[in-house]
Amino acid sequence: MIIAIATTGDTLDSPCDPRFGRAGNFLLIDSDTEEIIDTIKNPNIASGGGAGISTSQMLANRGVNAVIAGAVGPNSFGVLDAAQIAMYSSAGFSTAKDAYSAFKSGELKRISNPGSAGRFH
Amino acid sequence: MIVSVASGKGGTGKTTVAVSLAISAAPIALVDSDVEEPNANILLRADHSTSRKASLPFPVIDMKKCDFCEKCSDFCAYNGIVVLKGLKVFAVPEICKSCGGCKIVCPQDAISEEPRDIGYIKFGERLGIQIVEGELNIGESSSTPLVRMLPDYFPSGRDVIVDCPPGAAHPTVESLRAADFVLLVTEPTPFGIHDLEEALVITDELNKKVGLVVNRADIGTSDIENLAIERNIPILMRIPFSTDIAEHYSRGHSPAEFSEYWREQFALLWQKIEEQVR
């Protein structure tokens with residue numbers, strides 16, 4: 001299973017990024033081997049609109065099975081849900097490592113509702 | 001002749017002026033292009049005799065033809081179409097601008113378009129005024145496409161008064177585009193002046209003839225008068241801060257409907273506009 005964690009940096013010690021669509025980076029971890037298989041610098045940080053949609057599509061097409069982020073907006077939620085990707089909240093956890101450990105031990109909360117929209121009109 | 005009634009700032013009396021002007025200039029057409037909250041007909045009270053749905057083309061994907069090449073989502077500058085490889089492809093109504101680009105770039109010819117309803121255009125008539133009213137569906141993220149459709153429904157053979165949305169953004173620009181004259185309703189407050197200047201940026205850019213109506217003209221600052229002199233913009237009417245007008249308005253009656261005096265004043269305003277356009 002591939003887990004994508006939104007972080008502001010590029011290591012497991014980096015802080016969790018509260019954003020999803022415009023998160024700085026994603027760490028892709030294979031939960032079977034516990035290895036970081038990729039670090040993605042998010043190309044959608046400065047997107048004019050629909051950042052969450054584009055980010056969701058990118059992760060879905062990388063074969064990600066679950067994402068961990070502070071919150072997920074309505075557009076991202078729709079796409080991740082359609083792609084059958086599980087969503088978990090990193091709220092309350094400081095580093096990517098903390099959030100990932102909590103995920104492994106089943107302590108992370110599932111995100112079952114989209115947060116508020118943040119988009120350009 | 002097409003006269004757009006705009007303001008910049010909301011709540012200056014655009015609709016009150018537009019409806020009163022229409023009553024005094026009837027027979028005429030009145031178009032409500034404030035499609036997010038059309039309220040001209042609250043004052044006019046015409047029965048809607050007919051209405052039609054307004055829709056935009058929206059991409060639908062034939063999954064039998066799609067090979068998940070992602071050319072559509074790469075093309076869309078707004079990220080309005082999603083490609084989930086091996087699973088599904090779909091457009092997002094809140095984001096799609098109905099430009100048709102994804103349909104053009106699809107090498108598999110897998111994208112067609114179906115109408116997606118965004119609102120209504122309603123028609124009615126009262127007091128010799130044909131009203132055309134745009135009404136955006138709740139939840140739509142952009143009013144501009146509906147505003148842009150309205151000129152197609154301007155009744156022919158009649159002068160038209162357009163009641164514009166507030167603000168100085170894209171829906172206002174589209175409401176002014178067809179105008180022969182722009183009547184800017186303002187008030188003598190710092191907000192009124194600030195937003196009037198924003199509106200003047202648009203009318204300058206569009207090269208429109210403009211005139212002012214100063215509402216609640218006997219209170220507040222005299223800066224509007226100074227601005228009008230400075231910019232050489234005629235003040236065509238001054239409406240005082242009046243309990244009488246406010247009371248009737250609160251019952252849904254515009255000045256020209258309840259008062260012979262105001263009916264004459266607005267007829268005079270219409271004459272002045274005709275002189276300005278000539």
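I count a residue as buried if 20 or more other C-beta atoms lie within 10 Å of its own, as exposed if 12 or fewer do, and as partly exposed in between. The model I am reading is a predicted one.

I then looked up B:Phe68 and found its phi near 60°, a positive value in a residue other than glycine. B:Phe68 sits in the loop that lies between β3 (48-61) and α3 (71-75) of chain B. Because B:Phe68 has 18 C-beta neighbours inside 10 Å, I recorded this residue as partly exposed.

I next turned to B:Asn79, which is not a glycine either and has a positive phi of about 55°. I located B:Asn79 in the loop between α3 and β4 (81-84) of chain B. Is B:Asn79 buried or exposed? I noted 26 C-beta neighbours inside 10 Å for B:Asn79, so this residue counts as buried.

I also checked the peptide bond from B:Ala26 to B:Pro27, which is cis, with omega near 5°. I placed B:Pro27 in the loop between α1 and β2 (28-32) of chain B.

**Entry: helix α11 of chain B**

I compared the length of helix α11 (residues 260-277) of chain B with expectation: at 1.5 Å a residue its 18 residues should span 26 Å, and the end C-alpha atoms are 26 Å apart, so the two values agree. I then listed the buried residues of α11(B), which are B:Trp262, B:Phe266, B:Leu269, B:Trp270 and B:Ile273. Because these residues cover an arc of only 100° around the axis, I place them on the same side of α11(B).

What do the buried residues of α11(B) pack against? I found β1 (2-6), α1 (14-25), β9 (181-186), β10 (210-215), β11 (235-239) and α10 (255-258), which belong to chain B. On the face of α11(B) turned away from the buried side, I noted the exposed residues B:Glu260, B:Tyr261, B:Glu264 and B:Glu275.

**Entry: a helix pair in chain A**

I looked up how helix α1 (residues 51-61) and helix α2 (residues 74-82) of chain A pack, and recorded an angle of about 25° with the axes 7 Å apart. Angles under 35 degrees count as roughly parallel, and I therefore describe α1(A) and α2(A) as roughly parallel to each other. The crossing of α1(A) and α2(A) I noted as right-handed. On the α1(A) side I listed A:Gly52, A:Ile53, A:Thr55, A:Ser56 and A:Gln57, which meet A:Asn75, A:Ser76, A:Val79 and A:Leu80 in α2(A).

Technical notes. Residues are numbered from 1 along each chain as its sequence is written. Chains are lettered from A and ligands numbered from 1 in the order in which they are written. This is a predicted model: local features need pLDDT of at least 70, side-chain atom pairs count only at pLDDT 80 or more; totals for chains, interfaces and linings use all residues. Helices (H or I, at least four residues) and strands (E, at least two) are DSSP runs, numbered from the N terminus. The expected span of a helix is 1.5 Å times one less than its number of residues. The arc is that of the directions from the helix axis to the C-beta atoms. Two residues are in contact if their C-beta atoms, placed from the backbone, lie within 7 Å. Axes are lines fitted to C-alpha atoms, for helices over the stretch in contact, and angles run from 0 to 180 degrees between N-to-C directions. Angles under 35 degrees count as roughly parallel, over 145 as roughly antiparallel, 65 to 115 as roughly perpendicular and the rest as oblique. A crossing is left-handed if the near helix is turned anticlockwise from the far one by less than a right angle, and right-handed if clockwise.
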